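Please keep the sequence and the 3D view open while reading.

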Amino acid sequence: MPSSKVAVITGTNSNLGLNIAYRLIEKSKPEETLTIVVTSRTLPRARECIEFIEKFVEKAGRKGSVNYDYLLVDFTSMVSVLDAYYTLTNRYDYINYFFVNAAQGVYAGIDWIGAVKEVCANPLEAVTNPTYKIQKVGVKSKDGMGLVFQANVFGPYYLIQKILPLLEAGKGTVVWISSIMAAPKYFSLQDIELLKSDVSYEGSKRLVDLLHIATFKEMQQKGVRQYLTHPGIFTSLSFFQYLNVFTYYGMLLLFYLARWIGSPWHNIQGYKAANAPVYVATLANPHFEKQHMKYGSATFRDGMEYIKTDEVDVTGSEDVYKYIKELKSKWDEKLKDQIKPTRAAL
Ligand SMILES: NC(=O)c1ccc[n+]([C@@H]2O[C@H](COP(=O)([O-])OP(=O)(O)OC[C@H]3O[C@@H](n4cnc5c(N)ncnc54)[C@H](OP(=O)(O)O)[C@@H]3O)[C@@H](O)[C@H]2O)c1
C-alpha cells in the first residue's frame, strides 16, 4: 500500500465534516502523507474549510505532511456529480477513505408551539427524536428526482459507483453517515424518492441504512470496505439559522440534561460525534467483520466517548437496491454524452 493516503470528505465544511478531518489526521500514522480532499458546493466554503484544517494541523504539529485539495460538487445535480467523478479520476490513482457526510433537508422552519409541547411532555424525546422541524413536501431537484433523496442518497451512491476503480486501487473504505432518526417508520417503499413524505430527511437516512445493507458485501468482494455509522446528536451549523441566542442556549441546556439523564447519543460536540466514522475507517477490527452493524458515536454521562453498535432492520433493502440500480443505469445512459473529448484531433 502507498505510504500516502487520500481521503475525500463530502460536505467538509460542516461541524461533523471538519471533525472527521481532524480525527482522521490524529489517527493516521504520523509518518504518512495525508491528502484531504474537501468538498463543498461553493469555492469560498471550500477555501475556508482548508484554512480551518491547516490551523488544526499547525497546532497538532503532525510529523508527516498534510496536503489539501478541493472538489466542488452539488449532489442535487447529476452533471456536477459526473464532473466530480472526472476530477477525482484525473487527479488521483487511488482513494483510501470516502466519507459520505454531506446531507441536506428541505426545512421550512420550526413549529414552535409543537416544540414547546414536546419539550414539556418529554424533554428527552424532544431532543432525541424531534418532530417539530417543518419539512417541505414534494421538492424536486432540477434533475427531476426527489431533492433530499438525490442529495443524501442517490448522488453520493452514483459518485461512489463511478470512482470504484479508485477505491479498489486504494483498498478503500466508504463510510456512510446515517442518523439515529433513521427508523423504518420514516420510509415507505411506495415513495422511494421521498416526494410524498413530510419527513424526507429521516427517510433519506433510513434509505442510507438499507442501501448499505444491500451493498456492503458486493463492495467487500471488490476489496472495498463499507461501513454504516451515525454521529449521535450534536450542534449543527446548518440549524443555527432557525435559532436565536435564547433558543440556542436552551437547546444546548436540554442536550446536556439529556446526557445527564442517561442518553448515550447526546455527543453535543462535533469532535465526539466524529468518533464512530473515524473509528470504522481506522481502528475497527482488522478482519472487517460486523459490517452489517451500525456504528454510533456515544458518550457516557461524564462526557467520555465510546462506540455503540446497533442492528439494522433490513426490511426492504433489496427493493431499494433494485430501484437505485435501475436509476443508476438510466443516468448512465442520460449522461453518456455529457462530457466529450473536445481536444481530440479532428
Ligand atoms: N447534527 C446532528 O445532530 C446530526 C444527527 C444525525 C446525523 N447527522 C448527519 O451528520 C452529517 C453532518 O451533519 P452537520 O449537521 O454537521 O451538517 P450540516 O451543517 O447540515 O452541513 C452539511 C454539509 O453538507 C453539504 N451539502 C449540503 N447539501 C449538499 C448538496 N446538495 N451537495 C453537496 N454538498 C451538500 C454542505 O456543504 P456546502 O454548504 O459547503 O456546500 C454542508 O457542509 C449529515 O450527514 C447529517 O445528516 C447530523
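The sections below go through the ligand shell, the nonpolar core, several helices and a few residues in loops.

The model is predicted. A shell of 28 residues lies around the ligand, and those that come nearest are Gly11, Ser14, Arg41, Ser236 and Ser238. Which element gives the most to the shell? It is α1, with 3 residues.

By type, the shell residues divide into 14 polar, 11 nonpolar and 3 charged.

In soluble globular proteins, nonpolar side chains tend to be buried together. Here the largest nonpolar core has 88 residues, and Ala7, Ala21, Ile36, Val81 and Phe98 have the most contacts inside it. Helix α6 (residues 147-162) supplies the largest share of this core, 10 residues.

Phe98 shows how one of these residues is placed. Apart from neighbours within four places in sequence, Phe98 is in contact with Val8, Ile160, Leu167, Gly172 and Val174.

Gly155 lies in helix α6. Is Gly155 buried or exposed? Gly155 counts as buried because it has 26 C-beta neighbours inside 10 Å, and the cut-off for a buried residue is 20 or more. Residues up to four places away in sequence aside, Gly155 touches Phe75, Thr76, Val81 and Gln150. The C-alpha atom of Gly155 is separated by 9.4 Å from that of Ser80, a residue 75 places away along the chain.

Helix α1 has 13 residues, and the distance from its first C-alpha to its last is 18 Å, close to the 18 Å expected at 1.5 Å a residue. This helix is mostly covered, with 10 of its 13 residues buried. The buried residues are Leu16, Gly17, Leu18, Asn19, Ile20, Ala21, Tyr22, Arg23, Leu24 and Ile25.

Val278 is buried, because 24 other C-beta atoms lie within 10 Å. Between the C-alpha atoms of Val278 and Glu168, which are 110 residues apart along the chain, the separation is 19 Å.

## Helix α9

Helix α9 (residues 245-261) has 17 residues and reaches 24 Å from its first C-alpha to its last, close to the 24 Å expected at 1.5 Å a residue. Its buried residues are Phe255, Ala258 and Arg259. Why do they lie on the same side of α9? They cover an arc of only 100° around the axis, so they are placed on the same side of the helix.

The elements that cover these buried residues include α5 (123-126), β9, β10 (266-268) and β11 (294-299). On the face of α9 turned away from the buried side are the exposed residues Val245, Phe246, Tyr249, Leu253, Trp260 and Ile261. Just after the helix, Gly262 takes a positive phi of about 130°.

## Residues in loops

Most residues other than glycine have a negative phi. Lys171 has a positive phi, near 45°, and is not a glycine. Lys171 lies in the loop between α7 (164-169) and β7 (173-177). With 13 other C-beta atoms within 10 Å, Lys171 is partly exposed.

Leu194 has a positive phi of about 60°, although it is not a glycine. Leu194 is placed in the loop between β7 and α8 (200-221). Is Leu194 buried or exposed? Leu194 counts as buried because it has 31 C-beta neighbours inside 10 Å.

Lys136 lies in the loop between β6 (133-135) and α6. Lys136 is partly exposed, because 13 other C-beta atoms lie within 10 Å. Leaving aside neighbours within four places in sequence, Lys136 is in contact with Val106 and Ala108. From C-alpha to C-alpha, Lys136 and Gly109 are 9.5 Å apart in space, and they are 27 residues apart in sequence.

Notes
Residues are numbered from 1 along each chain as its sequence is written. This is a predicted model: local features need pLDDT of at least 70, side-chain atom pairs count only at pLDDT 80 or more; totals for chains, interfaces and linings use all residues. A residue is near a molecule or strand if its C-beta atom, placed from the backbone, lies within 6 Å of it. Helices (H or I, at least four residues) and strands (E, at least two) are DSSP runs, numbered from the N terminus. Ala, Val, Leu, Ile, Met, Phe, Trp, Tyr, Cys and Pro count as nonpolar, Asp, Glu, Lys and Arg as charged, and the others, Gly among them, as polar. A nonpolar core is a set of buried Ala, Val, Leu, Ile, Met, Phe, Trp, Tyr and Cys residues joined through C-beta atoms within 7 Å. A residue is buried if 20 or more other C-beta atoms lie within 10 Å of its own, exposed if 12 or fewer, and partly exposed in between; C-beta atoms are placed from the backbone. Two residues are in contact if their C-beta atoms, placed from the backbone, lie within 7 Å. The expected span of a helix is 1.5 Å times one less than its number of residues. The arc is that of the directions from the helix axis to the C-beta atoms.
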